[in-house]
Amino acid sequence: ASSAVSAASTLGVGHWLETDAQARASIDVGDIGRVEVDPDTRIGLVGSRDGNYRLRLERGTMHALIWAPPGRFFVDTPSSTAVDLGCAYTLTVDDDGAGMVRVTSGWVGFEWRGRESFIPAGAVCPTRRQLGPGTPRYEDSSSAFQAALDTIDFGGTPAARANALSLVLTEARDRDVVTLWHLLTRVGPPDRGAVFDRLASFVPAPS
């Protein structure tokens, strides 16, 4: 059974910290980092075995700053697990379990049932229940570019997905290679050649 924890308490395994509309909190994650918790957030400690820490963000927003080696800090959400790769990031989960990670330094991995995304600093990545993480994209990409990626990742008719892919390939910039690299495994075999060619126009493939 889990129980509520006051702001001044140690957050034990199986316990939850909940903030109301006015409250904020800080969690020192052993000696490897710190998590800042925004209002209207529910977050719990799942485990701390062998110096590896696993939290669960059920809803709300947290900001993590981790200075440990990669792979020691994990945050489960209803739709994905965020894996620290040496970074600072913000993770938000809404009432439907959908989430978004924004990376401000380093890299974050997002994983669900073998589906993985790797998000660099300056990029964001959405996640959805039963679908897992989407395709990383830089925040300065156009709203149409980002909406097209959501269509590819999370559903749409075949025609809508084809139009979305065409838009992404047309609008892609040289810094969007991380997006194109992920798309190689997110589109069907008939479309992979076009994605590869666009990727190779920015980063030539080795012989």
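1. Start with E58 and R56: their side chains meet in a salt bridge, 2.8 Å from N to O. For this note, a salt bridge is a side-chain nitrogen of Lys or Arg within 4 Å of a carboxyl oxygen of Asp or Glu. Both residues are partly exposed, E58 at 27% relative accessible area and R56 at 25%. The cut-offs here are under 20% relative accessible area for buried, over 50% for exposed, and partly exposed in between (1.4 Å probe, protein chains only).

2. A word on where this comes from. This is a predicted model, in which local features need pLDDT of at least 70 and side-chain atom pairs count only at pLDDT 80 or more, while totals for chains, interfaces and linings use all residues. Residues are numbered from 1 along each chain as its sequence is written, and side-chain values use heavy atoms, with hydrogens and water left out.

3. How many salt bridges does a search of the whole structure find? The search gives 13. One of them links R59 to E18, with the closest N and O atoms 3.6 Å apart. R59 sits in strand 5 (residues 53-66) and E18 in strand 1 (residues 16-18), so this pair ties together parts that are 41 residues apart in sequence. Strands (E, at least two residues) and helices (H or I, at least four) are DSSP runs, numbered from the N terminus. Both partners are partly exposed: R59 has a relative accessible area of 30%, and E18 has 43%.

4. Have a look at R173 and D176 too, whose side chains form a salt bridge at 2.9 Å, N to O. Elsewhere, salt bridges with shared partners join R115, R137, D150 and D153 into one network. As background, side chains of opposite charge can pair when their charged atoms come close.

5. Next, strand 10 (residues 123-128). Five of its six residues are buried, so the strand is largely enclosed by the rest of the structure. Strand 10 pairs with strand 8 (residues 99-112) in the antiparallel sense, over four bridges; pairing here requires that DSSP finds at least two bridges between two strands. In this pairing, M100 has P126 of strand 10 as its bridge partner.

6. Strands 10 and 11 make a hairpin with three residues between them, and Q130 in the turn has a positive phi of about 65°.

7. What about disulfides, meaning pairs of cysteine sulfur atoms within 2.5 Å? The count comes to zero. C87 is in no disulfide, and the nearest cysteine sulfur, that of C125, is 13 Å away. Both cysteines are buried: C87 has a relative accessible area of 2%, and C125 is at 0%.

8. Last, D197 in helix 4 (residues 189-202). D197 counts as exposed, at 52% relative accessibility.

Technical notes:
A disulfide is a pair of cysteine sulfur atoms within 2.5 Å.
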